[in-house]
Amino acid sequence: MSGSNDVPPELPPLPPGVLAVRLGPGANCSSVGSVIDLLFGAVVVSGVLYAAIHVAVAERRVARAPKEQENKPPEIDS
Amino acid sequence: MTTLPPLRARAEHFGAWARLDDRTMVALDRETARSLGILGDEVWDGPQPLDTTGALSAPLEVHVAITTRCPVQCTGCYQEARPEGVHVETTTLLESLDALAAAGVFTVAFGGGEPLTHPALERLAEHARARGLTPVLTTSGIGLSEERARSLAAYAQINVSHDGVGEAYEAVRGFDGGHVAERAIRTLVAAGIPVGVNVVLTRDSYGAEGAHLLATVAHVASLGAREIQLLRYKPAGRAASLDYLARRLAPVDVDALPRVLAALVARGDVSIRIDCALVPLLSPAFAALDAAEATRRLTSLGVFGCEAGNALSAVKPSGLVAPCSFLGEGELPVRDLATGFGDDATLARARGHVDRPSPPCDTCNIRRVCRGGCRVVADHLRPLGGPDPECPRVRAFEEAR
């Protein structure tokens, strides 16, 4: 265990274009929660997770490209 | 080629929040958001922000109290629920979900009272899904049958409250419901529903150096829980009593918290989630970083402090919107959330607390994330105003004066 004043370890950088990752659906009904696995050093998990996010964002970009060519609105609920 | 489901996304000043799946949300910068077709020109003024702090256009997550009925009367219930409590009308709740979806909310968390007493719980989840919302639920587990569990499959996750193995549960809640909670965890796991466990941190549930908490986490993980939600004990409802001071974590417990959290994360078999009110208790762990780095470190991993009236809001049984479940509602009906979120005085006051820091919060390097600590605690202990007195940095500051 680390001491109470030890800074949690630095993780690899997030995927390009991603400012934040927020995990879990947030299942509590009274106060907002935050998963801290990564904050407290789940480095291996972060590598796998970031790769999956990078792929997911890239797939969305690719999926959108044909629609742009057809001049269709994006499938975005925004 | 696999067809991707529509991306639920919302433009914000930094770019956009987007949900990739039930368990993953990402904040994208403007360029990436634009490449995905998210249109944010109206809010993308000025240079690209480096992090996600700041006022949002709508909550990301809304907590909806669907009933004040509960068969038990827990000692610390913030809603003061009771057996003769009443359900919110189903049609009202369905209209609320429509309003949340229209405002761009991502997640809706149903609570009570005991939500399992509400006859429309299944319909609420299905309606939420149909509107693009991710529904989740918190329950004591009382009244959960195998059949009912299977009917709740539309929920992305269900959290069961379990405040400790052995005598801890009864000490915290005032009745011995640990076996009910454990049966509910097993039943939900068997039904294939992701299960989290809520643990309220009191001296009884925490134990010396977190020993009781570590034992509880090990036990519920063995039952199949995939996530542990740790909640700070807050003086609201029945918990706003004289024995709050004897029940809350002692300073020595707070000082040990980062070590205990690191030990829990190191287990590796369950995710550990802390609530917004616990973030200020971590401030010593980030004291060695400068403010920008500490903020980036926390925000990049989606850590939220007091987001009352910003990323978080609540819908009370009255149908009015509150900054969070513990704070009082203002005058904004949920049906007007999409148009009234930015201007509602109650929400704006809660959202703006971070911009009115008092010492020592004004020099704290995690202030933009912590956002001034828990107002429920601070307002209870200091009705005339002041910082969250249970924050170790505030405590050290005041002891030095």
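This is a predicted model: local features need pLDDT of at least 70, side-chain atom pairs count only at pLDDT 80 or more; totals for chains, interfaces and linings use all residues.
**Ground rules.** Local features need pLDDT of at least 70 and side-chain atom pairs count only at pLDDT 80 or more, while totals for chains, interfaces and linings use all residues; side-chain values use heavy atoms, without hydrogens and water. Residues are numbered from 1 along each chain as its sequence is written, with chains lettered from A and ligands numbered from 1 in the order in which they are written.

**Core.** Of its 114 residues, Leu100(B), Leu230(B) and Leu261(B) touch the most other members. Helix H10 of chain B (residues 251–267) gives the largest share, eight residues. I then listed what Leu261(B) touches beyond four places in sequence: Ile36(A), Phe40(A), Leu230(B), Ile272(B), Ile274(B) and Leu282(B) (contact is heavy atoms within 4.5 Å).

**Strand S10(B).** Four of the five residues of this strand (271–275) are buried; helices (H or I, at least four residues) and strands (E, at least two) are DSSP runs, numbered from the N terminus. S10(B) pairs antiparallel with S2 of chain A over three bridges (pairing needs at least two DSSP bridges), and Arg273(B) is the bridge partner of Val35(A).

**Glu114(B).** I found this residue in the loop between strand S5 and helix H3 of chain B. Its contacts include Arg69(B), Cys70(B) and Thr139(B).

Methods:
A nonpolar core is a set of buried Ala, Val, Leu, Ile, Met, Phe, Trp, Tyr and Cys residues joined through side-chain atoms within 4.5 Å. Buried means under 20% relative accessible area, exposed over 50%, partly exposed in between (1.4 Å probe, protein chains only).
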